[in-house]
Structures are given as structure tokens and as C-alpha cells.
Amino acid sequence: SLGQGLVMEGADVSELIAATGIFPPGFGAEHIDYIRRKENGGYIYFLANLHHNAVSAWVPLSEDIASAVFFDPYSGAAGKAAIKAWPDPGMGRRRNERSPRKAVFLQLKPGQSLVLEAYTAKKAEGPLWVYDRAAGGTEVLWRHRR
């Protein structure tokens, strides 16, 4: 400890960051480029898949959210995203004892972009986001593209 702060030493930056309880969104692990903006009541993410491989994965967010909505700027489609609890990565509870963070199920084709609005308290209303395939173990019901 140093005053009201903390100095840490180690060889693995990822382990040091995890030990602080600071967890970046998991978009980088899926090679998704993103920009995040904090807004009243939540966060807005602009997501872009600038790579040659499609992404279909659960992606953890930095914060605990109550609901999330995807918007497709190309087609105009919108819908509630699938979310689920995401466990802390082997570190137990965070230093500040916040509740576990959440993950969203994300599907992006190469060259595709989406906007994600993640709400910290608000429960989103409206239709579900239409995925190419169902995301197992979710907290919402699914419908498939026909």
C-alpha cells in the first residue's frame, strides 16, 4: 500500500490487472474493434469485425448490466441481446466486492458492425435480437432466422 493507493509488481501484466479487479471488455479476445462511451444509465459500444473470421461467442463486459440491446446501423434491425452472468476469472470476488459482471452473446460477420447499448439498471423492452443460431444457457428465449 502507498497512501490510499496500491503498488503492484509482477512479470505478467494480465495477472496484475486481474488482481486489481479491473477487467476490460472481452472484445479484444475475439478480435473485435470497439469504442465505448459511458452514458446516463449505461454504456454504448460501437463494435466492428474488421477481420476475415466470423465471431459467435459470449463476450464479457467490464461492468455488471441489467440488459442490453443491439442495433444494426446497416439494416436498421434492433433487439434485446442475450446476456448471462460471467464468473470472475479465477480471482474470486473483486476487491470492491461488486457483483459478477455479465457477458453478451455476440455474432458478427466479417466487415459487420453493430451498436450495443448496455444498461446498468434498466430492463430493455421490445423484441429479441435475431441470432443466426441459439446461444445455449441464456436467460432469454430464442427465435431463429428462417
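Predicted model: local features only at pLDDT ≥ 70, side-chain atom pairs only at ≥ 80, totals over all residues.
Residues are numbered from 1 along each chain as its sequence is written, and side-chain values use heavy atoms, with hydrogens and water left out.

What does the side chain of Arg36 meet in a salt bridge? The partner is Glu63, at 2.8 Å from N to O. A salt bridge here is a side-chain nitrogen of Lys or Arg within 4 Å of a carboxyl oxygen of Asp or Glu. This pair links distant parts of the chain, since Arg36 is in strand 1 and Glu63 is in the loop between strand 3 (55–60) and strand 4, 27 residues apart. Strands, for their part, are DSSP runs (E, at least two residues), numbered from the N terminus, and helices are runs of H or I with at least four. Glu63 counts as buried, at 5% relative accessibility.

The structure holds three salt bridges. Another of them joins Lys102 and Asp64, whose closest N and O atoms are 2.7 Å apart. Lys102 lies in strand 7 (residues 102–108) and Asp64 in the loop between strand 3 and strand 4, so this pair ties together parts that are 38 residues apart in sequence. Lys102 counts as buried at 16% relative accessibility, and Asp64 is partly exposed at 21%. There is also a salt bridge between Glu39 and Arg37, with the closest N and O atoms 2.4 Å apart. Glu39 is partly exposed, with a relative accessible area of 31%, whereas Arg37 counts as exposed at 55%.

Five strands form an open sheet in the order 1-2-8-4-5, and their pairing is antiparallel. Its edge strands are strand 1 (33–39) and strand 5 (78–80), each of which pairs on one side only. Neighbouring strands of this sheet are turned by 20° against each other on average, direction ignored. Those angles are between axes, which are lines fitted to C-alpha atoms (for helices over the stretch in contact); angles run from 0 to 180 degrees between N-to-C directions. Strands of a sheet pair through backbone hydrogen bonds, either parallel or antiparallel. Two strands count as paired if DSSP finds at least two bridges between them.

We can walk across the sheet from strand 1. Seven bridges pair strand 1 with strand 2 (residues 42–48) in the antiparallel sense, and Arg36 has Tyr45 in strand 2 as its bridge partner. Strand 2 is joined in turn to strand 8 by seven bridges, again running antiparallel, with Ile44 standing opposite Glu117 in strand 8. On the way to strand 4 (residues 67–71), strand 8 pairs in the antiparallel sense over five bridges, and Phe70 stands opposite Leu116.

Where does Leu116 have its place? It is in strand 8 (residues 113–119). Leu116 counts as buried because its relative accessibility is 0%. Not counting residues up to four places away in sequence, Leu116 touches a set of residues including Phe27, Tyr43, Tyr45, Leu61, Val69 and Val104; contact means heavy atoms within 4.5 Å.

Finally, look at the rings. A search of the whole structure finds four aromatic pairs. One of these is formed by Tyr34 and Tyr45, a tilted pair with 6.3 Å centre to centre and 50° between the planes. Tyr34 lies in strand 1 and Tyr45 in strand 2, so the pair ties together parts that are 11 residues apart in sequence. Rings of Phe, Tyr and Trp (its six-membered ring) pair if their centres lie within 6.5 Å; planes under 30 degrees apart count as stacked, over 60 as edge-to-face and the rest as tilted. Tyr34 is partly exposed at 33%, while Tyr45 counts as buried at 0% relative accessibility. Trp58, Phe105 and Tyr131 form one aromatic cluster.

Notes: Buried < 20%, exposed > 50% of the residue type's maximum accessible area, 1.4 Å probe, protein only.
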